[in-house]
Amino acid sequence: MTALHGHSPVDAVHAGLDRLTEVLGGARRRRVVILLACVLGLSAADNGAVGAIAVPLEQALHIGNWQIGLMVTVSSLVGAVATIPIGALTDRSRRVRLLWISIAVWAAAQALGAMAPSFIFLMATRVALGAVTATAGPTVASLTGDFFPGRERGRMYGFILTGEVAGAGVGVVLAGLAAGWFGWRAALVVLSVPAVVLCLAVRRLLPEPERGGQTRVESRREDTVVLRKIEEMGVEPDEDIVVDDAAENMGLWDAVKYVLRVRTNVILIVASSLGYFFFSGLRTFAVIFMRGRYGLGQGTATMALAVVGLGAVAGLLIAGGAADGLIRRGRLDGRLLVGTVGYTVAAALLLPALVSPFLFLSLPLFVLAGAFVAAPNPALDAARLDVVPSRLWGRAEGVRTLMRQSLEAFAPLVFGLVSEVMGGSGAGLGAGIDVSHSTASAAQAHGLDLTFLMMIGALLAGGLVLLAGRRSYPVDVASAGESDRRARTLRKPQ
């Protein structure tokens with residue numbers, strides 16, 4: 001049976017892949033983007049699943065919001081600490097091999113968690129998952145920098161980061177539906193299956209690029225390189241942060257100190273950490289909030305959040321290319337400007353969305369807010385690669401992930417504790433809403449609305465912090481470019 005207009009679903013899929021190939025600039029680039037996106041999506045799916053199964057977990061293991069938050073926090077902290085040695089390993093070993101081995105261990109740990117007899121056992125498996133998924137950040141950042149040139153890095157990062165948002169959405173949907181039909185254990189088993197498939201795909205299909213971009217998967221498009229634009233405007237590098245010798249020979253502690261001396265890098269880390277702090281807390285308790293605030297069932301709340309996720313995907317795809325376009329038109333602070341606008345507008349949209357008691361009014365605002373919350377990510381991720389020498393990308397991303405996840409890790413615990421305090425005070429905005437027809441108790445959602453409103457301040461702070469990096473960014477880009485030039489000179493045969 002064919003679809004409308006005489007086209008089968010298979011034809012539609014082929015047409016979509018052809019269009020994606022055209023947009024990305026070739027079949028090889030499409031394959032790289034899809035695989036890297038799936039790696040980020042796997043980690044995000046796991047994190048999203050915790051929020052989706054929070055209600056059945058609380059009921060089965062007799063725990064509360066703060067224990068859900070603690071489990072996510074401990075797992076994230078372990079993963080954050082692990083990124084530093086993994087970042088060093090990323091700069092000195094084959095990154096693709098690191099990825100597929102980590103994914104294989106991830107699948108095994110996920111399946112083990114499904115058999116957990118108690119909360120303590122489950123949290124132990126989550127700690128193991130946190131350490132394993134720490135590989136994704138440094139390796140994906142380093143591979144992205146070597147696969148794609150700076151002139152379009154924001155745009156390509158936008159496509160890759162859709163995996164993170166789409167993965168979180170898929171994790172919420174799959175885990176939520178599986179938990180509703182078969183219980184929370186089935187939800188964890190379901191997520192381990194795609195991990196096995198991805199492990200095999202990464203091992204067989206993802207090539208290992210040379211360091212420094214010599215084997216980049218070039219596009220048919222010709223764009224102005226970010227560094228060239230900065231050089232045309234006469235921006236001189238800062239000799240204090242230019243690396244004269246081969247960066248990969250730098251010791252771990254020296255590399256950590258170096259990346260923290262790059263002013264723009266520190267600003268980008270702080271700003272993105274504040275954004276992820278809010279997103280992490282929101283992601284963990286979104287299903288509980290939707291069920292209790294609007295009286296929705298598990299499936300309906302899950303699908304509503306999937307719609308919000310579509311808005312986030314749109315924000316990622318649009319913002320990365322927009323930031324690159326601003327730089328090509330002479331706005332050297334374009335990537336930072338996109339971040340500031342994204343966080344500020346998201347905060348403005350979330351205020352009325354959280355106050356409104358009606359889903360039909362709040363949902364469109366949540367979708368738009370999701371787009372603007374996600375929009376800064378590709379621009380800021382590309383900017384971080386711009387300001388750090390290429391042979392330090394793995395360690396720089398390890399430092400960034402440690403600092404980001406250290407703040408992000410406490411978000412679920414903070415959100416959970418504050419929500420219980422606010423719920424106990426009887427001050428929640430949804431206190432008067434009848435949720436008797438929802439299987440989520442009013443006490444679980446009570447106070448989350450005020451908690452979300454309070455934490456919007458993190459988004460506003462992130463936008464303000466980015467304004468401080470607009471002057472230092474061009475100088476730091478020029479310095480990283482000069483470091484790479486000197487490293488290439490040292491490697492030329494004498």
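This is a predicted model: local features need pLDDT of at least 70, side-chain atom pairs count only at pLDDT 80 or more; totals for chains, interfaces and linings use all residues.
Helix α5 (residues 95-113) packs against helix α6 (residues 119-133) at an angle of about 170 degrees, and their axes are 9 Å apart. The two helices are therefore roughly antiparallel to each other, a term for angles over 145 degrees.

Residues are numbered from 1 along each chain as its sequence is written, and side-chain values use heavy atoms, with hydrogens and water left out.

The second largest pocket has a volume of about 280 Å³. Its lining has 15 residues, and C38, G41, L42, G167 and V170 are the closest to the centre. α8 gives the most to this lining, with 6 residues. Each helix in the table supplies at least two lining residues.

| Helix | Residues |
|---|---|
| α2 | 27-52 |
| α8 | 153-182 |
| α9 | 184-205 |

By class, the lining of the second largest pocket has 11 nonpolar, 4 polar and no charged residues.

The whole structure holds 8 aromatic pairs, counted where ring centres lie within 6.5 Å. In one of them, the rings of F289 and F452 have centres 5.2 Å apart and planes at 70 degrees, so the pair is edge-to-face, the class for planes over 60 degrees apart. F289 belongs to helix α12 (residues 263-294) and F452 to helix α19 (residues 448-467), so the pair ties together parts 163 residues apart in sequence.

How values were computed
Axes are lines fitted to C-alpha atoms, for helices over the stretch in contact, and angles run from 0 to 180 degrees between N-to-C directions. Helices (H or I, at least four residues) and strands (E, at least two) are DSSP runs, numbered from the N terminus. Angles under 35 degrees count as roughly parallel, over 145 as roughly antiparallel, 65 to 115 as roughly perpendicular and the rest as oblique. On a 1 Å grid over the protein atoms alone, a cavity is a set of points where a 1.4 Å probe fits but cannot get out, and a pocket is an open set with protein on both sides within 12 Å along at least five of seven lines; lining residues have an atom within 4 Å of a point. Grid points are joined across faces, edges and corners, and a volume is the space filled by probe spheres set on the points. Ala, Val, Leu, Ile, Met, Phe, Trp, Tyr, Cys and Pro count as nonpolar, Asp, Glu, Lys and Arg as charged, and the others, Gly among them, as polar. Rings of Phe, Tyr and Trp (its six-membered ring) pair if their centres lie within 6.5 Å; planes under 30 degrees apart count as stacked, over 60 as edge-to-face and the rest as tilted.
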